[in-house]
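Me: I have a structure open here and would like to talk through its contacts. Could you take me through it?

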Amino acid sequence: MLNAQVSNTNTTVDDLFARFGEHVFELQPTPDNTPTLWLDRAKLVEVLSHLKPEFPMLLDLFGIDERLREHRHPASSDFTVVYHLLNFSRCEEIRLKVGVAMGDLCVPTTVGVYPNANWYEREAWDMFGVEFSGHPNLRRILLPPTWVGHALRKDHPARATEMEPFSLDDEKQAREMEALTFRPEDWGMQRATEDAEYMFLNLGPNHPSVHGVFRIALQLDGEVVVDSVPDIGYHHRGAEKMGERQSWHSYIPYTDRIDYLGGVMNNMAYVMSVETLAGIKVPDRARVIRIMMAELFRISSHLVFYGTFAQDVGQMSPVFYMFADRERLFGIVEAITGGRMHPAWFRIGGVAQDLPKGWEKLMRDFIDSMPARLDHYQKMAMDNSILKQRTVGIGTYNTQEALDWGVTGPNLRATGMDWDLRRDRPYGGYEQFDFEVPVASNGDSYDRAVVRVEEIRQSLRIIRQCLDNMPEGPYKSEHRLTTPPPKENTLQDIETLIHHFLNVSWGPAIPAGEASVPIEATKGINSYHLVSDGGTTSYRTRIRTPSFPHLQQIPLISRGLMIPDLIAIIASIDFVMADVDR
Amino acid sequence: MSDLGSMYFGLFLLLATIGGAAVLTWFERRLLGIWQDRYGPNRLGPFGIGQVAADMIKLLTKDDWVPPFSDRVVFIFAPTTIVVAMMLGFAVVPFGPDLYVIDLNIGLLFFLGMTSLAVYSVLLAALASNNKYALLGGLRSAAQMISYEVFMGLSLMGVVMLTGSFSMRAIVEAQADLWNFIPQFLGLFTFMIAGIAESHRLPFDLPEAEHELTAGFHTEYGGMKFAMFMLGEYLGLILISCMIVALFFGGWLGPFLPPFVWFCLKTFVVICFFILLRAAIPRPRYDQLMTWGWKYMLPLTLLNVILTGGIALAMKA
């Protein structure tokens, strides 16, 4: 029934049916109403190429191990590869799914259609062992090259207690060390030209300016970067695997640590997906509180960016001012949530507590004082001529390149693309707010900073509207899957008491289905594709983070520049490694 | 000053400058703290001055490690060079009418020679470390020093022409009527920039460039050998400030207060200014620094030399 509904209302699906024939596809109903089509791998590249003009961005690509799933779609096989595409003008998404059976885990590569599929396909291979035929460089990306097995398969152990105790003998150590050796030939690099040798510099994973444990191997001619190979995975903590063990409720604190500068912004993407699966409607007050806290964390994240950006081009002082502001901001977060960087404060169906008495004054003092301080920083950092010299025209890409490489958020808006999920496809109540979407035009390091600085001001504006219009009412939904449920009712009737007991001890059992709700997080589009099999844990948790594709395109924009430029680019991209490696 | 007297003064100077450099590490951190809305080291002793002693104990007791892949002799020799060269540079600084170690008739050239020697320290350290970051730091240092040495010397020629002598004492005495920073403002400007570059402090700390090259030329250094580089840097800062005072701000000249006090006060102000620069300015890129040096600074110094020479000649005629 839903198949018919979707195909009747969705022009893209109609178009696909008309072009390739309806028998090629199978529609899968999803609670988030994103058209989800199954198709045969033989048709995949053709269909994707056809969709590319309409859907210029490959938002995500990931695998699902279907073997233990009870509520499987009839079209599925042992493993599924999901292609999640995004259209900007109509703000539409579409999912394509390809099923592959165990003995024949092979899908044609889509790197030729969407360049950013490169890393995603490597990740799917790393985690599920799905081969992508024709992929230029199919090797492990998040796990070390010596890893045995594919970590997100259902038969791969998730805990150390399920494995043999770890040991490292001399032979194994030698093998591990050997595997770490950087061989330029593996990456298509020459060691020397006819008259000169290149120097290969290992930047990171421990380096002051790579913002975490990010390694990038550089091929240098003097100080000029000829080519580079980003190497990620040092911060991989198996967050997606953990999603399959933790209850829906107890996974919330893990999300905090994905984009660890984003705090509750991560909770937002996660709980909204769960609520879509469960069909929970969140009361207005909770919605506004969520937006207010999320925007507060956007400011916090951008302040860290602002300070470290200036610091990475060698300006020593600004970071201290911005951290002082952030400290005051955390004071407010602490007063409201009890936590600071990782409050884990959003709940399925609402937020953890109501706002404390006196929160308005704290918040108002903060947002009143910020604009003047931002003006001051503008003069100190952004208007500084040396800072401009270091960043204007450095690390430039245009809108088309950004779309090809899956760049979202401020980094996309810096190229002149006037697009923001909060405004163009409002989620969680953003449609009630009045704010502008800052856009720059050159797509260079400086513009990426300009956009973020202006976003701080816009976030202040949104918070002020929250302050002035905070609705009264409950901060949690009355829905039975709200976790923990409103306590008052539990002593009234046995039904609620049972729900309370079950939801708190075992965790809520979320109805079977699949959903993802993309949100405009601090660094770009963040979403949690959650697969529920009707149990108390997620069957598959896929985290789409903005930083992952952002890092992939570093080699492209840094070729021919110098090491200091590379540092400026890294600073301007604004990533955290937990957001990349998960 | 008698030979014995200047020997004693030399000894005093040795201790005073090393002590001064040590205190300066604390002072700079406090000052930066004030400008950056934070405290800086304020725990140990009054105003945290005990930090100096604590740092010293830490550095002295650290493992004295030489990386096995380095060139051992040069690796150890390199950090001493900068300290020795900078200390020797102090010999010609006139702290008062009769307060100096030696009044060479080529005092200024001696100073330039000593600061040039200090460059070797960085280069040798970079080469001996056998480390890629150090090598890049060394490369930058070599390029930066060559470009900035050129106009560092030239920027002082205006002062020499006005005085007619290379003797530091004569230069200060010649400023009795008018301090050199007025007629020689171009010289002051260029010398100051060359001076920061010479002591490779932010914004011209490219050989170190923490954010790019981790620690640049001293990546492999630790403990006392690292401390020697720090000492050298701070000695360099003091020396350059002393020279700026002596060459452009009338040295010990000033009313009421004793000459030595005047000299120290002026030097203090210049040092504070250098610290302020560090707090305020980002680091230019290496090629931008070169462009600056050769395309703007060098022509400016040459212009200064021509103008000063022309005016001096005209006034004589």
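**Sheet and salt bridges**

Reply: Let me start with a strand pair: β3(A) and β4(A), the latter covering residues 79-86, run antiparallel and are joined by eight bridges; strands here are DSSP runs of E with at least two residues, and helices are runs of H or I with at least four residues, numbered from the N terminus. This is a predicted model, in which local features need pLDDT of at least 70 and side-chain atom pairs count only at pLDDT 80 or more, while totals for chains, interfaces and linings use all residues. Residues are numbered from 1 along each chain as its sequence is written, chains are lettered from A and ligands numbered from 1 in the order in which they are written, and side-chain values use heavy atoms, with hydrogens and water left out.

Me: What is the strand order in the open sheet?

Reply: The five strands follow the order β1-β2-β5-β4-β3 in chain A, with mixed pairing, where two strands pair if DSSP finds at least two bridges between them. β1(A) and β3(A) stand at the edges with a single partner strand each, so one side of each is left without a neighbour in the sheet.

Me: Switching topic, how many salt bridges are there between chain B and chain A?

Reply: The count between those chains is two, a salt bridge being a side-chain nitrogen of Lys or Arg within 4 Å of a carboxyl oxygen of Asp or Glu. R285(B) meets D565(A) at 2.7 Å, N to O, and R140(B) meets E223(A) at 2.4 Å, N to O. The latter pair runs from helix α5 of chain B to the loop between β9 and β10 of chain A.

Me: Is R140(B) buried or exposed?

Reply: R140(B) counts as buried, at 0% relative accessibility, and E223(A) is also buried, at 7%; buried means under 20% relative accessible area, exposed over 50%, and partly exposed in between, with a 1.4 Å probe and protein chains only.

Me: And what area is buried between chain B and chain A?

Reply: About 2,600 Å², of which carbon and sulfur atoms give 59%; this is the accessible area (1.4 Å probe) that two parts lose on being put together, summed over both. In chain B, H211(B), P282(B) and R285(B) lose the most area to chain A, together 25% of what that side buries.

Me: Which residues are linked with D420(A) in a network of salt bridges?

Reply: E295(A), R298(A), R413(A), R422(A), E455(A) and E520(A) are linked with D420(A). D420(A) and R422(A) meet at 2.9 Å, N to O, and both are buried.
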